[in-house]
Amino acid sequence: MTSSKFEPNDDILDFVIKKANGLKGLVDRSLEIIPNQCIQPKEHRLYKSQIDNQESIPTIDLSNFDDLNVEKSIQEAASKWGCFQIINHGIPIEVLEDLKDAGHKFFELPPEEKVKYCKDNYGAGESVLMFWSAIGEKNEKVLEWRDSIKHGCNPQNDSNLWPPQTRNQVLEYQKWAKPLAKKLLEILLKGLNVNVIDESLEPLLMGTMSININYYPPCPNPSITMGARRHCDGSCITLLFQDDTGGLYVQGTEGDKWIHVNPIKGALAVNIGDLLQIMSNDRYKSIEHCVAVDSSRARVSVPLFVNASLDSVIGPFPQMLKDGEKPVYKHILHSDYWDNFYRKRPSGKASLDFAKI
Ligand code: OGA
Ligand code: NI
């Protein structure tokens with residue numbers, strides 16, 4: 001494949017997606033004018049006036065993981081914010097730094113290497129795929145300013161299909177992060193009076209997992225683009241590693257204000273996803289978040305999405321309803337929730353409407 005140029009009238013989806021140049025490819029062509037298909041409608045942009053500089057989300061030190069106060073802070077943060085950062089979580093810093101370097105190595109490859117990992121559709125069960133979020137409301141297609149690759153981390157997924165630039169780093173991270181995710185989920189469930197994750201609960205809470213690497217190239221005009229538009233994750237929980245560029249914002253507890261998740265070296269951000277909000281019958285809140293891009297630096301982030309298996313039935317735990325509490329959500333097949341989530345890509349908390357009674 002020849003290294004193609006991008007001209008203003010070219011089909012951006014063909015250039016970015018089909019030919020695997022990515023947003024990175026656009027930026028490399030010394031882009032001065034942002035293509036129309038990357039310009040976010042005004043209601044999807046992040047304005048400085050919407051940022052709350054006073055508040056910050058909690059940081060929880062996990063050195064004494066079994067301390068009851070630590071458990072309580074985790075449960076409280078999940079109820080109040082739906083988001084917190086964790087430090088001293090036990091994952092060595094080198095494992096995280098290696099992940100970040102792997103992200104740069106992969107996305108800086110020429111398109112003819114990356115194209116091997118491109119797929120037309122965002123399939124749920126793929127071992128690996130590169131994808132872009134061309135968001136389709138009313139036929140509008142706007143690309144978020146990022147390139148992403150997903151590594152499916154389930155028994156049926158073959159890690160030999162992962163790129164050699166990311167394979168060992170993602171496998172190593174997975175080895176450390178899975179037990180950590182399980183421990184966090186156990187503490188969260190304990191707060192709901194649901195006991196340890198046994199064989200019957202495991203598929204529901206951690207039946208499928210994937211590790212994405214997001215690469216946000218620098219953007220000549222960050223005020224009219226978004227790295228990721230406001231959304232909630234469709235997971236039970238998400239563990240996110242971010243480099244020190246910054247740009248991740250979460251929705252505050254009051255008004256429509258955004259709070260920056262300040263990068264802390266070696267920390268992970270933990271998000272509550274829609275599935276846990278549904279299972280907890282609103283006790284825990286999935287957190288809306290968005291990503292703004294930087295004008296000069298490429299940013300790498302690595303979310304680990306911890307999900308139900310696709311054949312699980314999702315709904316409030318019986319423990320939530322036993323004292324006569326009304327269920328907010330119905331019981332639905334996770335694969336139906338997933339289909340809606342990725343077909344419609346609802347904005348922010350609208351993602352939960354599909355499961356509401
Ligand atoms: C995501 C996401 C945040 C980030 O991939 O769902 O919200 O900081 N990423 O990249
Ligand atoms: Ni997200």
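**View 1. The side chain of Gln-85 meets the backbone oxygen of Asn-262 at 2.9 Å.** This pair counts as a polar contact (N or O atoms within 3.5 Å; within protein, one must be able to donate a hydrogen and the other to accept it, and residues adjacent in sequence count only if both atoms are side-chain atoms). Gln-85 sits in strand 2, residues 83–87; helices (H or I, at least four residues) and strands (E, at least two) are DSSP runs numbered from the N terminus. With 5% relative accessibility, Gln-85 is buried, a word used here for under 20% relative accessible area, while exposed is over 50% and partly exposed is in between (1.4 Å probe, protein chains only). A note for all views: this is a predicted model, in which local features need pLDDT of at least 70, side-chain atom pairs count only at pLDDT 80 or more, and totals for chains, interfaces and linings use all residues. Residues are numbered from 1 along each chain as its sequence is written, chains are lettered from A and ligands numbered from 1 in the order in which they are written, and side-chain values use heavy atoms, with hydrogens and water left out.

**View 2. Ile-60 belongs to strand 1, residues 59–61.** Ile-60 counts as buried because its relative accessibility is 5%.

**View 3. His-231, Asp-233 and His-289 coordinate the nickel ion (ligand 2).** Donors are N, O and S atoms within 2.8 Å of the metal (3.2 Å for Na, K and Ca); water is not among the atoms, so sites may look incomplete. Along the sequence, the spacing of these donor residues reads H-x1-D-x55-H. His-231 is buried at 18% relative accessibility, and Asp-233 is buried too, at 6%.

**View 4. Ligand 1 is surrounded by 13 residues.** Tyr-216, His-231, His-289, Arg-299 and Ser-301 are the closest of them; a residue is near a molecule if one of its heavy atoms lies within 4 Å of it. The side chain of Arg-146 places an N or O atom 3.2 Å from an oxygen atom of ligand 1. For Asn-214, a polar side-chain atom is likewise 3.2 Å from a ligand 1 oxygen, and an N or O atom in the side chain of Asp-233 is 3.2 Å from an oxygen atom of ligand 1. On its own, ligand 1 has 290 Å² of accessible area, and the protein covers 95% of that (Shrake-Rupley method, 1.4 Å probe; for residues, only the protein chains shown count as cover).

**View 5. Helix 4 runs over residues 93–107.** Its buried residues are Val-95, Leu-96, Leu-99, Lys-100, Ala-102, Gly-103, Phe-106 and Phe-107. They lie on the same side of helix 4 because they cover an arc of only 155° around the axis, taken from the directions from the helix axis to the C-beta atoms. For its length, the 15 residues should span 21 Å at 1.5 Å a residue, and the end C-alpha atoms are 22 Å apart, which agrees; the expected span is 1.5 Å times one less than the number of residues.

**View 6. Asn-88 is not a glycine, yet has a positive phi of about 50°.** Asn-88 is found in the loop between strand 2 and helix 4, and is partly exposed at 47% relative accessibility.
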